[in-house]
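Biologist: I'm new to this one and would like to learn how to read it. Could you walk me through it, feature by feature?

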Amino acid sequence: MSKPAVAPVYNNRELSWLSFNTRVLEEGLDASLPVLERLKFIAITSSNLDEFFMVRAGGLQQLLLQAKTEADNSGWAPGELLAEINRQCHAMVATQYGCMMNDLKTRLHDAGIRRLHMNKLTPALYEYLEGVFEHELYPVITPIAIKGADDLPQLPGLTVLLFVRLKADDAKAKKPRYAVVLIPKRLGRFITAPIEEGHNYVLVEDVVGEFVSRLFPGEPVAEVVPFRITRNADMGVREDLAGDLLRRMKDVLVARKQSNCVRLEVSDAVSKTSLGMLTQLFGVNADNTYLVPGPLDLAAYFGLARMTGFDELREKPWPPQQPPAIPPNGSIFEAIARKDILLHHPYESFDPVVRMVEEAADDPNVLAIKQILYRTSENSPIIAALARAANRDKHVTAIVELKARFDEARNIGWAESLEQSGVQVIYGIKGLKTHAKVCVVVRKETGGIRRYVHFGTGNYNEITARLYTDTSYMTCADDYGADATAFFNMITGYSQPVAFRKLEAAPIGLRARLLELIEGETLRCEQGQPAQIRARINSLVDADIINALYRASQAGVKIQLNVRGICCLRPGVPGLSDNIEVISIVDRFLEHSRILYFHQGGDPLLFISSADWMPRNLDRRVELLVPVDDEAARQRLIQNLDAMFRDTAKARRQTSDGSYVRVKPAKGAKPFRSQEWFYQQACEANRTAKSIQPQVFQPERPGALKP
Amino acid sequence: MTPPSPSEPARPATGKDTPAGPRLFAVIDVGSTAVRMEIAELLDNGAIHTIEQLHHAVHLGKDSFTLGRIQQSTIEECVNILKNYRRVMEEYGVTAPNQIRAVATSSVREASNRDTFLDRVYIATRINLEVIEEAEETRLTYLGVQDILARHPELQKGDLLVVEVGGGDSELLVVQDGFVTFSNTYRLGSLRMRETLDVRHTPAARLYETFLKHIQLTVDQIHRSVPVEKTACLVAISGDARFAATHLVADWADKSIARIDVKSFSAFARKIASLEVDELVRKYRMSFQEAETVGPALMGYAQLAKVFGVEQFVVPKSSLRHGLLREAIGSGAWNEGLESQLIHSAVSLGHKYSFDERHGTQVADLSVRLFRELQPDHQLGVRHERLLRVAAILHEVGLFIHSRSHHKHSMYIILNSDLFGMSRSDMNLIGLIARYHRRAAPQPYHEGYALLSRDDRMVVSKLAAILRVADALDRNHMQQVRELSFARARGSFTILVHDVEDLSLERVALKEKGSMFEEVYGMKIGLEVATSNEGLMPDV
């Protein structure tokens, strides 16, 4: 890494992000992993890069266009930084394709997963695919004539397109004609060949490419080459403008389709002429052009990696366990009323959270449900339950965050359908994204009104809840209920912020509270008390927080941070951050929980949170910091933190130069893999609960059989 | 009399026997800087459990105190807030009129278009917003702190100043040995001050001095009007006081009251009052409306503390809304505690004019006895009984001026006094009842009486007629008449007096004073000594 002139105190956030993606890529390169697991990591690396180009690189290029030249706090000036990013991205893509084309391709082939090429097919198969083209592809693909950069038609980003060069007709001295063929995304990337043995697929662009001349009758095709463009998506909604948010969000989606191209990916088989034409058409230079030796859009292979069958090519699955605190048949409200419940997903099932909303919808004692929806699955059972509840005359309030990036289109869909069923839908707060994850169920019970609250670190999305590690805390303690309701009153605009009893919310008090907690440890340490801070977060960017942590380290506070992604804090720098340890775990599940620990002289405070330590989370999002009071839940969080920092299998430690090295087990010791341990814990808890459950036989009585 | 204690809610602890009355209540307080709502439920053990607290800043006071009216935009702002509150209430099924109490204070009270405002609110939200008078505000405030006083008996020893510096007015109560001996409302308001002093262009550095001058002047006037010179303790009620407590008392969240020494409180007040509004907003995360009033309000408390020689501030967590809640739930509506507060404050007023306490109390007791006996005839309720009792206690205070026309003196003394929890219109009725305890019967041209509604005129006549009879029964001011029973025959009503030999003086008096009774109730009134036999009859 080329060093900037000034000794950096902070890691650059873009480079730190790239370093995270390198760690993901490492998993893909890890020969000890089964091949489909590796393929999955290669796909994730690609999908991550897509997002990086869409939201970060675009912004940086913009900075450069605005001739901003000052260095940021990590010492990088935009020009140099962009060059470094381009260098690293190109290297990363090269490694990725190197692995894919040399290593994985062979292994997959040997295991029976084969990509077939059009020029090496049996006649029967060729005929079959010709039929597929004629009947299924031809009717829906669209060729578009390309006249020049000034008259470029609307082309979708992140989609594999075909660039077609038609032969110039020398006799009539015409210029060559160009066209682009759009292959609708819904056709899928892979066409399965009807071969019994193994899994044989052809890429859809290969099939279309083979028969592309049928789209241009009478014009010989000189070249057909797949390419893909990435557009700058870094444009927020201007909320200060008049008009309603829903309409403006639709405008953003249109604008995103039209924004400038920040990356061009082309098959390396492209001719010089066509490449020249493409770079000119999309206004990109060599830095932003990626010539790849294999299939474009490796993210699509995520689907292939997850297809049914071939389990021997994957690690043994870790299916979510039924949490012992929640009996499968009893009421979830009774379970919460008995005891606060802490869940660790996806080792423990997300079902209880979905069930809480579903039971609430059907429970005649429930008066109201309030819920924040940020990113939700398609056909979400939670949304269905909310609509059902509203149909049953319960008061349902849904804060639907239209601004959740890339999910806008889907979000607009629910929002409208929820509104139609009578749910009061609120589109977040002006100028802020609502990122907090909280759901309140108001229930009328014999003892009075009781509020059941779920706080989470992840979205209400039962699909991602199987892939991301998250924490749920469910309680009906009055202080939490009162705070959660007050929080909803605040976001719905019913009330101005009131002082919370337990919670802290961004952008009001969360940042101040965090700083206060960090400074509290610093003070205690200075007064000779033992002091310790531990955190599991996804990103650490905020300079105020980092500086506070540096001061704490200098005072002697022991700080352990488990930061999955971007970490601008540099640990272990003599005199600056000697007492800080930063690890990052990249394993089967995406680390996503936010758990905080402050030692407080031996009476530790534990929190879960929706917020990462980034300015955008602390200043421009609505986030929550939730203290966990229940003793058993606290012990469990502490235990979980312990396990993470003990990881010697999938953890990497950041060194004082900002790079990451794998944490190795002590000589002779077995590596400790925290995610595996969590899974085993969940299984064990489930087994224990089952074994102590009294066996009661339920006789079938005659009366019960009557209709 | 023993110091009052807040009456425990009379509901039984078991769910089975709980009356089917509402358990959830909403109270709304439309103040000069904010509209606040609290939703609470009554638990089986009688405790009140707060479920939701909402507040929203408004410009009501700004409009009223500068323009004298509420602007259309402000009306709509309030309507929108109340519509949202309505939604929250509906979530809990709080929709019946007896579950909702919504009151507005000085800023609406003083607005020339208050009726337009109230109508608009009602039409848009079906919330019946009630403008409460100053005295009512004081009573509710007291109701709010009542249980705090009960829970902290040490506060009841000695004198106590209970103050709420609001946006428009300040309420002040003097509590002596647990009794409210004085209460009044003063036009010292944090927002009123800011608006009338027009400090928009005053630099922050001079702001403190400007407010101080104004506050000192008003506070001196207040000090002179209050019958107590020094109190050791000041109970400060209001959001501003609670704000100070949050910042001065570390573990305030876990306590029901905060105790702050005067020095720290005053220093804090000075610090806050010297900060620019936007600085306050940024630093303390408050709304602009709150930021504009918190400084002057805290200074108001601090200055009052100074002139009264207060040593300690007590800030309870309760507010006017707690009073409203207690009243809505029924545990506070003129409970015994409040009733004895009122009697005590009437007696204190009487002493100010050297009245014959024993006669006043005797006549009051006899009046109430008669009032209850005659309930089927007059069909009046407890509020009227209360008015009659107070009028009876005070009917002769006018003697302080002169014995000639003393009934008229009684009336204007009463009209120009404040009694705990009595509104202006209550005082007007009390004054008239006292006035008609002797001499001329009510005439349409009599001052005060002329403007009464038909119903209120009837009330005055019915109650004054009773008062006259009761007064006659203690003609000699000897409190001889103790035990009564009654006998009714066609067209006559006879009072039977036990254990008294000679009633000739009383009979003469009754002849002189009973004619009004006969006219109003349509019954001849008689007075007899009860024979022992009759004395055994149940006096139903």
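Modeller: Let's start with domains: their bounds come from an automatic or database domain assignment. Keep in mind, too, that this is a predicted model.

Biologist: Okay, which domains does the assignment give for chain B?

Modeller: For chain B you get domain 1 (24-132), domain 2 (135-319) and domain 3 (336-535). Where they touch, domain 1 of chain B brings 14 residues and domain 2 of chain B brings 16 residues.

Biologist: Which elements give two or more residues to the side of domain 1 of chain B that touches domain 2 of chain B?

Modeller: Those are helix 1 (60-67) and helix 3 (106-109) of chain B. Helix 1 of chain B gives the most to that side, with 4 residues. By class, the side of domain 1 of chain B that touches domain 2 of chain B holds 4 nonpolar, 8 polar and 2 charged residues.

Biologist: And how is chain A divided?

Modeller: Chain A has domain 1 (1-111 + 303-317), domain 2 (115-284), domain 3 (332-500) and domain 4 (506-689). Look at domain 3 of chain A and domain 4 of chain A, whose C-alpha centres lie 27 Å apart. Their contact uses 25 residues of domain 3 of chain A and 27 residues of domain 4 of chain A. On the domain 3 side, strand 17 of chain A has the largest share, 5 residues. That side splits into 13 nonpolar, 7 polar and 5 charged residues.

Biologist: How many residues of chain A are in contact with chain B?

Modeller: There, 16 residues of chain A meet 19 residues of chain B. Strand 11 (366-373), strand 16 (448-456) and helix 13 (478-491) of chain A each give two or more residues to the chain A side. The make-up of that side is 8 nonpolar, 8 polar and no charged residues.

Biologist: Next topic: how do I read a pair of packed helices?

Modeller: Two packed helices are described by the angle between their axes and the distance between the axes. Among the residues making the contact are B:Ile75, B:Val79 and B:Leu82 of helix 2 of chain B, along with B:Phe117 and B:Val121 of helix 4 of chain B. In all, the contact has 7 nonpolar, 1 polar and 3 charged residues.

Biologist: What about the inside?

Modeller: In soluble globular proteins, nonpolar side chains tend to be buried together. Here, the largest nonpolar core has 348 residues, and those with the most contacts inside it include A:Leu386, A:Leu540 and B:Tyr301. Helix 2 (residues 35-65) of chain A gives the most to this core, with 12 residues. Leaving aside neighbours within four places in sequence, B:Tyr301 is in contact with B:Val163, B:Val165, B:Leu234, B:Ala236, B:Ala241 and B:Ala269.

Biologist: Does B:Gly158 count as buried or exposed?

Modeller: B:Gly158 counts as exposed because it has 12 C-beta neighbours inside 10 Å, and the cut-off for exposed is 12 or fewer. You'll find B:Gly158 in the loop between helix 6 (153-156) and strand 6 (159-165) of chain B. B:Gly158 and B:Ala232 are 74 residues apart in sequence, yet their C-alpha atoms are 8.1 Å apart in space.

Conventions: Residues are numbered from 1 along each chain as its sequence is written. Chains are lettered from A and ligands numbered from 1 in the order in which they are written. This is a predicted model: local features need pLDDT of at least 70, side-chain atom pairs count only at pLDDT 80 or more; totals for chains, interfaces and linings use all residues. Two residues are in contact if their C-beta atoms, placed from the backbone, lie within 7 Å. Ala, Val, Leu, Ile, Met, Phe, Trp, Tyr, Cys and Pro count as nonpolar, Asp, Glu, Lys and Arg as charged, and the others, Gly among them, as polar. A nonpolar core is a set of buried Ala, Val, Leu, Ile, Met, Phe, Trp, Tyr and Cys residues joined through C-beta atoms within 7 Å. A residue is buried if 20 or more other C-beta atoms lie within 10 Å of its own, exposed if 12 or fewer, and partly exposed in between; C-beta atoms are placed from the backbone.
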